[in-house]
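Please examine the sequence and the structure below before reading on.

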Amino acid sequence: MNSRTIEPSALGLKALEARLRQDLEWLCLPARRWVPQKTVQGQPVLDVAIVGGAMAGLALGASLAHQGVQAPLFDRAPPGFEGPWATTARMETLRSPKELTGPALGLASLTFRAWFEAQFGLEAWTALDKIPRLQWADYLRWYRPVLGLHVRHLQRVVSVRPRSDGVAQLDMADDANGGRAYTVLARHVVLATGRDGLGGPWVPDWAHQIPRDRWVHSGEVWDGERFRGQRVAVIGGGASAMDVAATALESGAARVDLLVRRA
């Protein structure tokens, strides 16, 4: 049985959300804010600023909120497209076992399984092998509002600077308003930027000598249809290289060669 062929049940999801609200109420979560509010020259100082609104950022934001700590999230992506699952990820499923509880924070009603079964039922869960990546993206799209997490989208961090008054200053660009510059002050900053935190996609200098419409990086957003009928060379032998090679072939590439420097 394939869950994609089963019509989701909104009624079941509403019942799960009601149960989650009750669980949180019984546990007195989220806790009341206890950190003294602070301003510097009239500008409020956040308890924590979280850069990155995908899975790790959401889980951290929820965990801190449950402890009574104010921690808004900033993400450069539009709503629902945080992280790689609906953008640069290309394997059709997650690699991890479906039973992992993920960012549920010890709450059974917050697990992917609870979200899935509420809509598709136990039989569909039993038949499920690996979690489809786009379905995981849908789960995270549900996770954020059901916990009341505040994510500020289309916000780009230009720099993070320590200051002599003991707070961190984030120089920001508001891409929702033409890149308008502004600053955010916070006691602590957490970079939940995933692989992008490593510096972003990198290519050797010689790649820039090739016309830009003839190559792409696995960390960029693109449609596999561009490879239809083409001969494709994939440089690298890691997980993303295998995913790109499979995507090219599934999209109708005439041939794909993997170039790996290691034995």
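The side chains of Asp 171 and Arg 161 are joined by a polar contact of 3.0 Å; a polar contact is a pair of N or O atoms within 3.5 Å, where, within protein, one must be able to donate a hydrogen and the other to accept it, and residues adjacent in sequence count only if both atoms are side-chain atoms. This is a predicted model, in which local features need pLDDT of at least 70 and side-chain atom pairs count only at pLDDT 80 or more, while totals for chains, interfaces and linings use all residues. Residues are numbered from 1 along each chain as its sequence is written, and side-chain values use heavy atoms, with hydrogens and water left out.

**Asp 171**

- Asp 171 belongs to strand β6, residues 168–174 (strands are DSSP runs of E with at least two residues, numbered from the N terminus).
- Asp 171 counts as buried because its relative accessibility is 16% (buried means under 20% relative accessible area, exposed over 50%, and partly exposed in between, with a 1.4 Å probe and protein chains only).
- A second polar contact of Asp 171, of 2.8 Å, joins its side chain to that of Gln 169.
- Beyond residues up to four places away in sequence, Asp 171 touches several others, including Val 157, Ser 159 and Tyr 182 (contact means heavy atoms within 4.5 Å).

**His 217**

- His 217 sits in the loop between β7 (180–191) and β8 (231–235).
- With 18% relative accessibility, His 217 is also classed as buried.
- The side chain of His 217 reaches the backbone oxygen of Trp 202 at 3.3 Å, and a polar atom of that side chain lies 2.8 Å from the backbone nitrogen of Gly 219.
- Pro 201 is 16 residues from His 217 along the chain, and their C-alpha atoms are separated by 6.9 Å.

**Aromatic residues**

- There are 12 aromatic pairs (rings of Phe, Tyr and Trp, the last by its six-membered ring, pair if their centres lie within 6.5 Å; planes under 30 degrees apart count as stacked, over 60 as edge-to-face and the rest as tilted).
- Phe 116 and Trp 125 form an edge-to-face pair, 5.8 Å centre to centre with 65 degrees between the planes, and both residues are buried.
- Ring pairs link a cluster whose members include Phe 112, Phe 116, Trp 125 and Tyr 143.

**Leu 259**

- Leu 259 lies in strand β9, residues 255–259.
- Leu 259 is partly exposed, because its relative accessible area is 45%.

Conventions:
Helices (H or I, at least four residues) and strands (E, at least two) are DSSP runs, numbered from the N terminus.
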